[in-house]
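Hello,

Here is the structure we spoke about handing over. My notes on its charged side-chain pairs follow below.

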Amino acid sequence: MASPMDLLRSNLSRVRIPEPTNRIYKQECCVSFDTPKSEGGLFVDMNSFLAFGEEFVGWNFEKTGNPVYLHIKQTKKKLVSEDRPLKKPTLLAIGIDGGFDNGEPEYEEAYSIVILPGYISLPFPSVELPEKVRLAVDAILLSEGAERKEQVAAWVADKKQVSPYATNLLQIDNGVAVPPSGWKCAKCDKTQNLWLNLTDGMILCGRRNWDGTGGNNHAVEHYKETGYPLAVKLGTITADLEGADVFSYPEDESVLDPHLAQHLAFYGIDFSSLQKTEMTTAERELDQNTNYDWNRIQESGQEVEPLFGPGYTGLANLGNSCYMAATMQVVFSSHSFCTRYYMNQSLKLAFERAPADPTVDLNMQLTKLAHGLLSGKYSVPVPEKDDDANVSKGSKQEGIRPRMFKALIAASHPEFSTMRQQDALEFFQHFLDQVERAHSGNPEDPSRSFKFGIEDRILCPSGKVTYSRRLDNILSLNIPLHEATNKAELEAFYKLKAEKVSEGKEVSSDEIVRPRVPLEACLANFSAPEEVQDFYSSALKSKTTAIKTAGLTSFPDYLVLHMRKFVMEEGWVPKKLDVYIDVPDVINISHMRSNGLQPGEELLPEVAEDEVGSNKLVANEDIVAQLVSMGFNYLHCQKAAIRTLNAGVEEAMNWLLTHMDDADIDIPISEADVIPATASSTVDQSKVDTLVSFGFPEEIARKALKASGGDIEKATDWIFSNPDASASSDVNATTSNSTPSPSDAGLPDGGGRYKLIGLVSHIGTSTLCGHYVAHILKDGRWVIFNDDKVGASVNPPKDMGYLYFFERLNS
C-alpha cells in the first residue's frame with residue numbers, strides 16, 4: 001500500500017502553483033456558507049483554488065477528479081486577560097459591526113494537506129512535502145483571497161481623501177481675524193452648524209436639514225456665488241486637527257486638508273487651544289440616525305426575543321449592504337423563490353449543473369443563499385459573554401455573509417459593485433431583472449410572480465381613446481400630503497415650529513408631528529385622472545388637453561408598493577418626506593383593474609406619416625419653469641418634459657432622477673429627443689437601429705418597442721421574455737382590448753385582495769445613506785431582520801415603510 005507521501009507525489013500533476021491572476025478562495029465555501037471557523041474547516045482545491053466545506057468537498061472530487069486540498073481550520077484563541085487597552089474608534093458606522101472595537105475573539109489557524117477520496121492528511125508546514133506543494137501552499141496563504149478582494153468596505157464617515165483643492169488654495173488677505181468663540185452666521189442669526197470658508201474667511205451656516213432644522217444654506221450659496229471650494233466646520237477643530245471637518249463643495253464630500261494648520265493660521269486661528277464643541281458631519285449623520293425613526297424602525301429599547309432556526313437566519317453586513325440584506329430577506333420569504341431555489345433544488349443538483357466556476361453561476365449562488373437562509377444550519381445561538389455575571393448566553397447569531405452572491409449580482413452594475421450605500425428599490429428591480437434574464441422565458445422563473453401589466457388610457461376631447469401597455473414589477477406611488485388625516489394636529493405643530501424658529505430654537509424630536517396619509521389615498525392617486533397637456537389628437541388634427549388614467553391589466557402573486565418619499569430640492573439635493581403611511585393588513589385593489597377597449601369606445605386613428613413629421617412634442621414651459629425653480633438645469637428639464645409626454649412635474653422629476661447621469665444629458669435636444677405628440681404606436685427608427693445593433697432582427701425590435709412603449713431597456717427585457725415572438729403577433733398600443741398582449745401572456749393573475757407580508761424601512765435622509773431594516777410576517781407573527789439580528793417584532797413600524805410587500809389572497 002502506497003504511503004501518504006507517495007500518494008501525494010503521484011498526484012502532483014493535479015497541483016498548480018497559483019499565478020497572480022488566479023482567483024483564490026480561502027474564506028468561504030462556494031456552495032455553502034461554511035468557513036475555516038466551521039467545525040470541519042475549509043478545503044481549498046489546489047488545482048482550481050475553489051474552497052469547499054467538509055460536507056461538500058467530496059462533490060468537487062466527484063465532479064473534477066481533483067484529489068489534493070489545503071485544509072484550513074481556525075480555532076478560537078483562549079484569552080489570557082480581558083484587560084485590553086481601549087482603542088480610539090476610527091470608524092463611525094451604522095448598522096454594521098466594526099464601528100468600534102467590540103472585543104471580537106482571535107483565532108489560531110492550522111493547515112494540512114488532504115488527499116481524497118480517502119481524506120489522507122499530511123501536516124503543513126513540513127520539509128518532507130514536495131517543493132511544488134510547499135510553493136503552492138505558500139502562494140495560497142500569502143495571496144489576498146478573492147473574497148477579500150470582492151468584499152466592499154463598510155459605510156464609514158471618516159474615510160476621507162485628500163482634496164486637490166487644498167494644494168495652492170487661494171486665500172484672500174482681507175483683514176479677517178476669526179475669534180476663538182462667539183461665532184455667528186454673516187447672513188442670519190444662526191450660531192450653530194457654522195462653516196468658515198478657507199478662501200475669504202466668511203463664516204456662514206450650513207445646509208438645512210430635511211426636517212427644517214440645521215442651517216439656512218448660506219455656506220453652500222456662498223460657494224455657488226464665489227466658487228471658493230473649501231470650508232471647515234467651526235467647533236470641530238481640535239489641537240491635533242485630526243477631527244476637523246473640512247468640506248469640499250466641488251467634490252460634494254468631506255475631505256482631508258493636509259495644509260489645514262497653515263490655512264487656519266491665515267485667519268489668526270490658534271488651533272492648539274481650541275476644544276471641540278460641534279459634531280462633525282459624520283457624527284451628526286450618526287446622531288440623526290439615532291433619533292425616533294431609528295429607534296422605532298429598529299425597535300430599539302424593546303425586549304425583542306431573538307429567533308433561531310429555519311427561515312430565521314440573519315445576513316451579516318458586508319459594509320453598506322443593508323439594502324441588499326433587507327430586500328433578500330423578504331424575497332426569500334416568498335413562496336415562489338423559496339420553492340424554486342430551496343424546496344425544488346438541492347445544493348448538489350445546483351453544483352452539478354453549475355459551470356467549472358460555480359461562483360459566477362447565478363443559479364448556484366441563489367441556491368446557496370436560499371439554503372443558507374432557509375435551512376436553519378447557520379441560524380444558531382453563539383456564546384455571548386455577560387460582562388457583569390461572566391455567564392455565557394446565546395442571544396445572538398453570526399448569520400451568513402453573502403459575499404459571493406453580492407459580487408455576482410453586482411458585477412454587471414456600476415453602482416451595486418461599489419462600496420456606496422444604494423437604494424433598496426433599485427436593487428430589487430436589478431435583482432429581478434437578473435433572475436429573469438437567467439431564466440430566459442423559462443416558466444420556472446420566480447421573478448414572474450412579481451410582474452404585472454399596467455395600461456394607460458388616454459381620452460381625447462373627441463371622445464376617442466388610445467391605450468398603451470407596459471410591464472412592471474413594482475407599483476410606485478406618490479404620497480398626496482393634502483390627504484393627511486391629522487390636519488388639525490399638523491397645523492398646531494407648524495405654528496409651534498414657526499414660533500421656535502423665530503426664537504432661534506429647534507423643535508425636539510418628541511414634539512414633531514408628521515402627516516398621516518392613508519395607503520388608500522396613495523392608490524387612488526395612482527388611478528386618478530390627470531391632464532396631458534399638448535396631446536396631439538389624430539382625430540382633431542391638432543394639439544389638445546387629454547385625460548389619462550392608469551390601471552393594472554393583471555394582479556401579480558406578490559404586489560410590491562414603493563412609496564415615493566424622496567424628492568429633489570434645490571441644488572439636486574435628495575430630501576425625504578417626513579410622513580407616516582397608514583397601511584392596513586389587507587387591501588383590495590380590484591377597482592384598479594383595467595380591461596382595455598370597452599364596448600362603445602372608438603380608438604383614435606393612427607397618425608399619418610406626414611403628420612408624424614410635422615407634429616413633434618415640445619416641452620411644456622410650465623413644467624420646465626417649475627423644475628428650473630427647484631434648481632434643475634433648463635436643458636435637462638426640457639428633456640424630462642418631452643420624454644414624459646408633458647405628463648406633469650412629478651413625472652418629469654422622476655425621469656430626471658433616473659437619467660441625471662446619462663452620457664447625453666447635456667447634449668442639445670435632437671431628433672432622438674423629440675417624439676411624436678401622439679402616444680400612438682409609431683416606433684422611433686433610431687431605437688429600432690439601436691436594438692438591431694444589439695443583434696436582434698428588425699421586425700422583432702420594432703414589435704418589442706411597440707410592446708414596451710418605446711423604452712429600449714424594457715424592449716430588451718421583452719425580447720428576452722418572448723424568445724419565440726414573431727412578427728405576426730405584433731402588439732399595437734392603440735388597439736388594446738381585454739385580451740392579454742404577448743407581453744402579458746403567462747403572467748400570474750387573480751383577485752384583487754392582498755395581505756401585507758413584509759416591509760422594508762429606511763432610516764436616514766437619503767437612499768444613498770442611512771440604513772435599511774426588514775419586517776416580515778412569518779408563522780403568524782412579525783419578525784424583524786436587522787442585518788444579522790433576527791427577533792420577534794414587538795411593534796412593527798407598518799406606517800414607516802419604504803417598500804411594502806403584499807401576497808395575493810386566493811379567497
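Subject of these notes: salt bridges

Aspartate 456 has a relative accessibility of 12% and therefore counts as buried. Please keep in mind that the model is predicted.

Aspartate 456 is the partner of arginine 470 in a salt bridge, with 2.5 Å between the closest N and O atoms. Aspartate 456 sits in strand β13 (residues 452–459) and arginine 470 in strand β14 (residues 465–472), so the pair ties together parts that are 14 residues apart in sequence. Arginine 470 is partly exposed, at 24% relative accessibility.

Glutamate 530 has a relative accessible area of 24% and is partly exposed, whereas lysine 548, at 18% relative accessibility, counts as buried; the cut-off for buried is under 20%.

Elsewhere, salt bridges with shared partners join Glu28, Lys368 and Arg403 into one network.

There is also a pair within a helix. Aspartate 6 and arginine 9 form a salt bridge through their side chains (3.4 Å, N to O). Both residues lie in helix α1 (residues 4–10), three residues apart, which is about one turn of the helix. Aspartate 6 counts as partly exposed at 41% relative accessibility, and arginine 9 counts as partly exposed at 45%.

In total, the structure holds 24 salt bridges.

Regards

Conventions:
Residues are numbered from 1 along each chain as its sequence is written. This is a predicted model: local features need pLDDT of at least 70, side-chain atom pairs count only at pLDDT 80 or more; totals for chains, interfaces and linings use all residues. Side-chain values use heavy atoms; hydrogens and water are left out. A salt bridge is a side-chain nitrogen of Lys or Arg within 4 Å of a carboxyl oxygen of Asp or Glu. Helices (H or I, at least four residues) and strands (E, at least two) are DSSP runs, numbered from the N terminus. Buried means under 20% relative accessible area, exposed over 50%, partly exposed in between (1.4 Å probe, protein chains only).
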